[in-house]
Structure formats: structure tokens, C-alpha cells
Amino acid sequence: MSQLHLAVGLEGAGWHPAAWRDPAAAPHDLLSAAYWTELVAVAERGLLDLVTIEDGLALQSERDDAPDGRTDRVRGRLDAVLTAARVAPTTRHIGLVPSATVTHTEPFHLSKAVATLDYVSTGRAGLRVQASLRPFEARHFGRREVSFVPRQGVDIAGDPLVVDLLGEVVDYVEVLRRLWDSWEDDAEIRDVATGRFVDIEKLHYIDFEGKHFSVRGPSITPRPPQGQPLVVALAHGPAAYAVAGRAADVAIVTPHSLEEARAAVEGVAAERSAAARTDGPGHVLGDLAVVLGATTAEAQDRLARLDELAGEPWSTDVDVIAGTPTELADRLQDWASAGLDGYRLRPAVLATDLAHITTGLVPELQRRGAFRTAYTASTLRGHFGLPRPANRYAAV
Amino acid sequence: MPKQIHLAAHFPGVNNTTVWSDPRGGSHIEFSSFVHFAQTAERAKFDFLFLAEGLRLREQAGKIYDLDVVGRPDTFTVLSALAAVTEQLGLTGTINSTFNEPYEVARQFASLDHLSAGRAAWNVVTSWDAFTGENFRRGGFLPQDQRYARAKEFLTTAFELFDSWKGDEIAADAGSGQFVSRPDVGAFSHEGPQFSISGQFNVPRSPQGRPVIFQAGDSEEGREFAASTADAIFSRHSEFEAGRAFYTDVKDRLATYGRSRDSLLILPAATFVLGDTDAEAQEIAHQVRLQQVSGQTAIRFLEQLWNRDLSAYDPDGPLPDIDPDTGDDHIAKGRASVRMNRDPVAVAREWRALATEKGLSIRELIIEVTGRQSFVGSPRTVADEIDRFVQADASDGFILVPHVTPGGLDGFADTVVPLLQEKGVYRTEYEGTTLREHLGLAALGNAVPVG
């Protein structure tokens with residue numbers, strides 16, 4: 001049995017809409033540094049590969065076309081890159097993967113921010129790139145119109161606006177990677193004899209020209225410890241498999257069955273192959289929402305209570321599993337046969353379910369020989385067995 | 001009670017005053033350097049740590065400038081990480097209002113203020129040049145004369161976003177199920193020539209309400225901007241008489257905006273060299289100047305004013321007798337000094353006269369005309385000088401820029417600070433927890449209007 005990779009998604013008080021009302025939740029603390037450092041410390045004690053930190057450039061809304069005006073759900077959040085940076089010095093091993101919206105931001109700024117996250121975490125930075133189709137988010141920037149309103153359940157893969165937007169994500173990641181490579185690793189020479197601090201032959205203009213932006217380079221920040229921080233993309237379907245396969249190091253897919261898991265793995269692999277990627281294996285993680293308990297009944301009762309508080313059953317974009325850590329371990333191993341390298345788990349209530357993952361699921365997987373018993377690498381790429389990428393600009 | 005001195009620390013950066021060749025010089029990128037520097041500043045009870053900004057590597061004669069330190073980390077990211085290794089030190093970041101958007105910058109500063117429990121500050125700077133713009137989506141889109149207009153409206157807009165949450169919206173009442181008090185929390189709408197944006201801001205009100213605002217420009221427009229809006233000025237007038245003149249000028253402007261004289265702090269950048277005796281410090285200072293201005297650096301400096309290739313000139317010889325090229329295509333790119341030299345021919349004439357009068361070579365002339373150390377002497381002398389400046393209203397304190405990374409502040413913390421504390425002009429413990437409290441600024445009420 002091969003070893004699984006495990007990530008946990010951090011979002012507010014948890015992913016269930018009523019998570020903040022759980023007696024264990026601390027809903028007044030969601031904007032404090034202590035809240036986030038404690039969560040990530042728990043995840044690190046569980047030897048997890050990484051945490052993702054959700055973000056967005058608008059107030060949380062359950063609608064894509066407009067703010068939902070709800071007052072019964074968590075509203076307000078902190079910048080995820082800054083949250084990851086705040087947590088970095090308090091941890092030593094776990095990967096830190098903030099989300100960032102690339103549609104309204106500058107690749108130059110994000111490139112140096114994530115490079116710096118890699119410095120302050122000594123090689124544990126990643127980034128989850130996300131695009132935004134939300135018109136009300138676009139109005140926070142006032143620079144471009146987004147007239148597209150995705151409808152639930154409609155296949156948007158072929159919509160020209162979606163194709164264009166996803167193409168921009170691919171361009172954006174290309175610029176991030178070129179900027180990370182724009183300094184060769186040994187560019188800083190401090191040569192007292194000639195008075196030169198850097199060797200300008202080892203600094204490179206990236207000269208990217210794309211449909212939505214152009215960037216000259218080089219970066220202002222030297223190449224980060226990992227060479228290139230880990231790029232992660234959430235991919236719900238074929239249009240997004242193209243982005244994940246062409247641009248990401250790790251794809252997170254959202255299957256609802258073993259068959260869908262197999263199709264997703266193949267879909268990402270096909271895109272990766274079509275893009276002729278030569279930078280090592282891509283990894284594909286399955287995304288699952290989890291409610292855990294000591295018994296199946298306890299977990300299902302917890303879910304029922306949360307649903308009752310929310311006033312409706314929890315319906316989300318991924319499969320929801322309510323059960324014991326052992327049952328979850330069975331599911332993870334079962335679907336792994338589809339070629340998934342591991343999972344990102346979305347705890348229903350962070351205060352409760354994250355601990356179930358680290359003290360219940362992890363030991364269970366370890367007993368089965370399916371999860372590490374100690375960190376064997378100190379960088380995020382190292383956790384995935386990925387090499388430090390060669391610099392595309394370095395002379396061979 | 002004597003006036004209390006404010007001190008802050010500027011992480012040495014991308015300029016020829018940072019002596020990277022010093023054997024004590026460490027990394028200017030590795031986080032451990034920032035940790036050492038910040039913890040020293042906090043040990044010395046400084047108000048804050050200050051980071052400058054650069055958005056494109058400088059060039060000269062079409063090549064990346066390689067004689068100075070090159071490269072720096074991202075401001076927001078490194079400040080947020082420093083919040084984890086300090087407890088009270090303020091965290092001031094320089095963020096450009098040209099190549100950013102208000103919604104994103106406001107949420108980054110509000111986040112930093114939350115994550116540091118009220119220690120964030122923003123040094124608002126402007127830019128316009130197409131050279132830097134080549135790294136950004138919209139390129140060099142801003143005409144030079146609009147840069148302050150954009151900066152002002154940027155700040156106004158950011159304040160509207162900071163003030164869009166009043167601070168009492170989060171109920172988080174698990175019993176009733178009400179998380180926020182109103183559906184339109186964070187609602188804002190801004191219509192102006194630079195920004196037309198509307199919606200809901202998604203970071204609730206931060207501990208300080210908004211970051212402390214710094215302003216760095218020295219022009220007439222910059223001074224008015226600061227008097228109307230800033231909490232502190234990062235000025236370049238660290239000489240006594242110039243400092244007093246600037247101090248008086250800016251503080252006199254405050255009344256126009258209905259502000260008291262202590263609502264805006266004047267904090268010049270200052271460099272220092274310490275020795276066991278004054279004579280030893282003077283000798284060290286001379287050696288440091290020689291390290292800061294090598295022969296090559298002197299020629300490159302001269303080229304920035306002359307706007308010509310002067311590489312054939314001997315740095316130990318006389319100044320060129322040709323005049324500066326006054327064309328628009330500057331030989332040096334990404335440098336503020338180029339824009340500040342509005343009449344290079346006149347400056348060149350002055351420099352030539354000075355060199356002739358004192359018999360100075362190119363290198364000696366550049367050492368003479370570029371900033372020498374602000375404070376040189378024994379710890380006692382430096383402590384007395386700093387106190388003299390502050391008591392005489394030449395400043396409210398200083399932002400110290402050491403010439404070695406990251407340990408350049410250590411000696412100051414160990415020797416000068418205790419002397420200032422003995423004199424009763426400097427705190428021995430932090431009295432508050434937020435940067436506004438360290439600076440003695442009034443707490444903000446809700447929704448402060450912008451002048």
C-alpha cells in the first residue's frame with residue numbers, strides 16, 4: 001500500500017455553514033492570530049503535508065451573482081497569504097498554501113509575496129490559484145466587467161468567457177514561475193574585488209506578453225528556497241483539468257465516486273501530458289468534506305445537529321462523509337485505487353474534526369502503513385517527493 | 001517633563017549606504033536577518049520597524065545596477081511573519097499607491113493589523129514611471145502630474161473601506177444564529193476620477209481601526225498631503241537647521257486641517273556611527289564613507305546627474321568639464337534621485353565649483369555631497385545630539401538606518417538607548433500595545449472623515 005498525502009482545508013470555523021454555532025467553535029476568534037496558529041499547530045502535530053487557507057476578494061456569499069445578505073453565516077475574513085506568513089515562524093514542517101484570486105491581482109506582487117512566504121517558512125510555501133467570475137467581486141476593483149453569472153448545475157466548460165478566464169490563470173502561473181526563476185540561485189556574488197553585489201548575467205528579464213498583461217521582470221525578490229513554491233489548483237471538471245494539468249504541481253479534484261475519481265485523475269494526466277510537462281510527476285488529491293465521530297451514529301448525529309442549526313442539509317461541491325476515522329480511512333484507500341495520490345479534507349467543524357483527523361484518522365492510516373510516522377523532509381516539495389526545479393534560465 | 005523621543009528602525013536596503021562588503025554583513029533576504037533586526041528594535045523599545053519598497057530592479061546605462069544590494073522580500077508578507085516573533089513593535093510597510101488597488105491594499109493592511117493585534121502602519125508613496133510600470137498589468141498608465149491625485153484618492157478610498165465596518169457588527173451569537181448584525185456589513189461606494197468601486201469590504205474593523213499613516217514626500221504637494229492626512233512623516237531632513245525649518249513648516253500647516261500639533265509626528269531618517277570616543281567614531285565614519293562610495297560608485301553617481309556615460313573618467317581625477325545631458329531618456333532608471341534633480345546643469349556647476357575650491361577628486365566630491373552620517377560619536381555624544389534635536393523641535397525622533405545588515409542596530413540598542421532612558425527622554429517599557437499608543441496618537445473613533 002502506497003502512502004497517502006493528506007492536506008486539510010482551513011476555512012472560517014469549518015466548512016459546514018453552521019460550524020460557528022458548534023459548542024466547540026470559537027466564532028469570536030476567527031480574526032485572531034492565535035486561532036490560526038493553533039489550528040496549524042494541530043495539523044502539524046498530525047504530520048499533515050499541508051494546510052490550505054481559503055480566501056476571496058469579496059464578502060462570503062452563497063450566490064455567485066450577488067452578495068447573499070445572509071447574517072447567519074460567517075462573514076469577514078483575513079488575507080490568506082498574510083495569515084500563512086503569520087503562522088510560518090510558529091511551525092517547522094507543514095506546508096502553507098494560501099488561496100489567491102488571480103483575476104484581479106498583479107502577478108508581480110503575488111510572485112514576490114509567495115517567494116517571501118517561502119523564505120519566512122524556509123521552504124514550505126505553496127499557492128492555490130483561483131479565478132473569479134463574480135461580478136460583485138469585479139466591482140471591488142472597477143477595472144474590468146465580469147458579466148458572466150455561472151448557474152448551478154450548468155456545464156460552463158465551453159463558455160468563451162470561462163475559457164478566456166482559465167487561460168488567464170495559465171498565463172498568470174507561467175509569469176509566477178518565470179519570476180521565481182528570474183534570479184539564478186547563485187546570482188548574489190558579493191564580489192568585493194570588482195565591487196559587484198550581483199552577477200547581472202544571472203538575473204533575467206522574463207518578457208512575458210499575454211492577452212491580459214505583460215510583465216518585464218526580473219523579480220525584486222531572489223529565487224525562493226524551494227526554487228518554485230508549490231502551485232495548487234482546485235479542479236471541478238474538464239475545463240479546470242486543463243488549468244491544473246498545464247499549470248499546477250498539485251491538482252485537487254472533486255469526485256463523487258470511484259469512477260469520477262478515475263476520470264479526474266486521467267483528465268489531469270492527459271492535460272499534463274498534452275502540455276509536455278517535464279517537471280516531475282503531478283499529484284492529484286481528492287477533496288472530501290468530513291464529519292467524524294467515535295461511532296458512525298455519533299458522526300451522523302453531529303451532522304444532523306449541524307444541518308438542523310443551518311436549517312437545511314449540507315450540500316456542497318464535494319462528497320460529504322459522516323463516519324468514524326476507520327470508515328474514512330477505508331474510503332480514502334478505496335478511492336486511491338483510482339490513482340489519487342492523497343486527499344484534502346474539509347473538516348465540518350475545525351475545532352472538532354481537525355482533531356479527529358490528526359488523532360483518529362492519521363493513527364489509523366499509520367497502522368495500515370498508509371501514512372508517514374514522521375516528517376522525512378523539511379520542505380513542502382520534499383513532502384511530495386518533488387525535486388527542486390531546475391532554473392529555466394540557468395546556462396547548462 | 002522633557003519631550004519624549006520616538007525611535008524606529010529602517011531595515012537597511014537597496015542603496016549604497018548599506019555596506020554589504022562588511023564582514024559582519026549578513027543576508028538581507030533570509031528571514032533570520034529580519035528576526036534579529038526586529039527583535040533588537042523591540043529590545044530597545046523602538047516604536048516600529050520600517051520597510052522601504054522597490055518594484056523594479058534599478059538600471060543604469062541599460063544594465064541592472066550591480067554595485068549596491070539588489071533584491072528584497074515582499075513587504076506585507078515579511079511584516080506579517082515578523083508579527084509572530086515580536087510582541088509590541090510596530091510594523092510599517094511602504095506600499096505604492098500607483099501599482100496597487102485600494103480594495104486589495106486595504107484588506108492587506110486590515111489583515112496585518114488583526115494579525116499583529118494593532119501594530120500596522122502604511123507609508124504611502126507614489127510613483128508613475130513607465131519603467132516600473134512594465135512589471136504591471138496596466139503598465140506606465142499614470143501621467144506624472146496625476147500621481148498625487150491618485151495617491152490622495154487611493155487613501156480616501158482605503159479609509160472608506162477601513163471605516164465601512166464600525167467594529168460592533170460581529171455578534172457571533174450561537175444561540176440566536178446571528179453572526180453579523182446587518183446584511184450590508186462593510187458596504188461602501190466610491191465614485192471618483194481615479195476609482196469607481198462599490199460593494200462590501202470583507203475584513204472587519206481591525207484593532208487600530210486603520211493602520212497608522214506615514215507619508216514620505218517632501219514637495220509642496222507632499223507636505224500638504226501629509227498635513228491633511230498623515231499620522232507621521234518620514235522626512236529626509238536630519239540636519240539641525242533644515243530639520244527645524246521643515247518641522248515648523250509642516251506643523252504650521254496642521255491648523256488649516258483642524259489638527260493639533262501633536263497629531264503628526266516628524267521622524268527624519270538618520271544614520272549613525274558609534275565609537276568608544278568621538279575621535280574613534282569620526283575615524284570609523286570616514287572609513288564607512290569610503291566603503292559606501294567606492295570609485296565605481298562615485299562614477300555611477302555622477303552619471304545619474306550628468307545623464308551620460310562617464311565610465312572613461314578616473315574617480316580619483318577631476319570632474320568632467322562637459323555639461324549634463326538634459327534629455328528625457330535618463331541613463332539611470334528606477335531612482336528617485338533622478339527625478340529630484342530638476343536642474344542638473346546648475347547642480348553640476350555647483351559641484352564643479354566646490355571640487356575646484358576644495359581640490360576634490362570625483363570620489364571625494366561624491367563623498368562630500370552625498371549624505372554623511374547624521375550622528376557620529378561616542379554613545380554619550382550621540383544620545384545628547386538626538387536629545388538636542390528633539391527638544392529643539394528639529395524632529396520628534398528618528399528612523400534609524402544602520403549601514404550593516406542585520407546587526408547594525410545592536411550597538412545602538414546596547415549603549416545609546418540606556419543613556420536616553422537615564423535622561424528621562426525615552427521609555428523603559430512599552431506603555432501601550434498598539435502602534436498608535438506607542439506614537440502617542442489619539443485612538444480613532446469610528447468612521448473618521450477624510451479631509
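Predicted model: local features only at pLDDT ≥ 70, side-chain atom pairs only at ≥ 80, totals over all residues.

Residues are numbered from 1 along each chain as its sequence is written, chains are lettered from A in the order in which they are written, and side-chain values use heavy atoms, leaving out hydrogens and water.

**Stop one.** Select Ser182(A), in the loop between α5 (160–181) and β5 (188–191) of chain A; helices (H or I, at least four residues) and strands (E, at least two) are DSSP runs, numbered from the N terminus. Is Ser182(A) buried or exposed? Ser182(A) counts as buried because its relative accessibility is 0% (buried is under 20% relative accessible area, with a 1.4 Å probe and protein chains only). Now show what Ser182(A) touches: among them are Lys202(A), His204(A), Pro218(A) and Tyr393(A), not counting residues up to four places away in sequence (contact means heavy atoms within 4.5 Å). Ser219(A) is also on that list, and its backbone nitrogen sits 2.9 Å from a polar atom of the Ser182(A) side chain.

**Stop two.** Colour by chain: 76 residues of chain A are in contact with 75 of chain B. Pick Lys112(A) and Asp74(B), whose side chains form a salt bridge at 2.9 Å, N to O (a side-chain nitrogen of Lys or Arg within 4 Å of a carboxyl oxygen of Asp or Glu). The count between the two chains is six salt bridges.

**Stop three.** Finish on α3 (107–120) of chain A: α3(A) gives the largest share of the side of chain A that touches chain B, nine residues.

Methods: Buried < 20%, exposed > 50% of the residue type's maximum accessible area, 1.4 Å probe, protein only. Polar contact = N/O pair within 3.5 Å; in protein donor to acceptor, adjacent residues only side chain to side chain.
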